[in-house]
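Please read the points below with the structure open beside them.

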Amino acid sequence: MSDSTPKITLYTYFRSSCSARLRIALNLKNIPYTPIPINLLKGEQRTATNTTLNPSATVPTLIAEHTTPAPKTVTITQSLPALEYLEEISTAPSLLPPASNPELRAVARTLANIIACDVQPVTNLRILKRVESYGVDRTVWAKELTEEGLRAYEAIAASVAGEFSVGDNITIADVCLLPAVWNAQRVGVDLEPFPVIQRVAARLEEVDAVKRGHWRTQADTPEEFRV
């Protein structure tokens, strides 16, 4: 880690897809970080310790402590701004297409936002508990909304995908996609109707940085889920 690279602390949960985005990105960029597990099932996200850092009572929270050129601490409580921040402080390897292609950069951000805005918010634990209290089958709810989001992602990615979602390099789109695929598989989504997503996800699973960010390999992953 260079003198200009901040010390990174990540408040995370092994099965949080938003946390996984940052774990994968940090690994891809070879930025060391210290994970602090927050157990969502035990309600640790609602403790005063966590809400002081993250008023939304969620994970992840990324904290960057800079020492140069002047000491400062940056706290980011949403995963997409945190991904953009990591991109700005450490551009190699970049998670965006070249700056010379703003249109393709917009596509990568669009795909990331389909996952982050259309899929994840309506399938997270807090929302699932709420809809269940109204008598809705939470698994059906999550499955149908995830399929809708993946359908939109597939339609856009089909025209720009190469080895990954946008060309042949991993982008912010892929970093968001794969954790959503893990959740999709968990609720029984069939990926066969989404051949681009299925192919890209399989390729991403081969990447070492992804393996190290996988929900099955975290310090707080219960033993029965480990590989």
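1. A cavity, on a 1 Å grid over the protein atoms alone, is a set of points where a 1.4 Å probe fits but cannot get out, and lining residues have an atom within 4 Å of a point. Grid points are joined across faces, edges and corners, and a volume is the space filled by probe spheres set on the points. By that test the whole structure holds 1 cavity of 30 Å³ or more. The largest cavity has a volume of about 70 Å³.

2. This is a predicted model, in which local features need pLDDT of at least 70, side-chain atom pairs count only at pLDDT 80 or more, and totals for chains, interfaces and linings use all residues. Residues are numbered from 1 along each chain as its sequence is written, and side-chain values use heavy atoms, with hydrogens and water left out.

3. Which elements supply at least two residues each of the lining of the largest cavity? They are H1, H4 and H7, where helices (H or I, at least four residues) and strands (E, at least two) are DSSP runs numbered from the N terminus. H7 gives the most, with 4 residues. The lining includes Ser17, Arg21, Gln120, Cys176 and Asn183.

4. A pocket, by contrast with a cavity, is an open set with protein on both sides within 12 Å along at least five of seven lines.

5. Residues 6-94 are 33% helix and 25% strand. Residues 101-223 are 63% helix and 0% strand, with end C-alpha atoms 45 Å apart.

6. The domain assignment gives domain 1 (7-94) and domain 2 (102-211), with bounds that come from an automatic or database domain assignment. Their C-alpha centres lie 21 Å apart. The contact (heavy atoms within 4.5 Å) takes 17 residues from domain 1 and 19 residues from domain 2.

7. A nonpolar core is a set of buried Ala, Val, Leu, Ile, Met, Phe, Trp, Tyr and Cys residues joined through side-chain atoms within 4.5 Å; buried means under 20% relative accessible area, exposed over 50%, and partly exposed in between (1.4 Å probe, protein chains only). The largest such core has 62 residues, and Leu28 and Leu83 are among those with the most contacts inside it. Helix H7 (residues 172-186) contributes the largest share, 10 residues. Both domain 1 and domain 2 give this core at least three residues. Beyond its neighbours within four places in sequence, Leu28 is in contact with residues including Pro93, Val175 and Val207.

8. Two peptide bonds deserve a look. The bond from Val59 to Pro60 is cis, with omega near 5°, and Pro60 sits in the loop between helix H2 (48-53) and S3. The bond from Thr68 to Pro69 is also cis, with omega near 0°.

9. Is Asn30, with its 61% relative accessibility, buried or exposed? Asn30 counts as exposed; although not a glycine, Asn30 has a positive phi of about 55°. Ala57 has a positive phi of about 60°, but Ala57 counts as buried because its relative accessibility is 19%.
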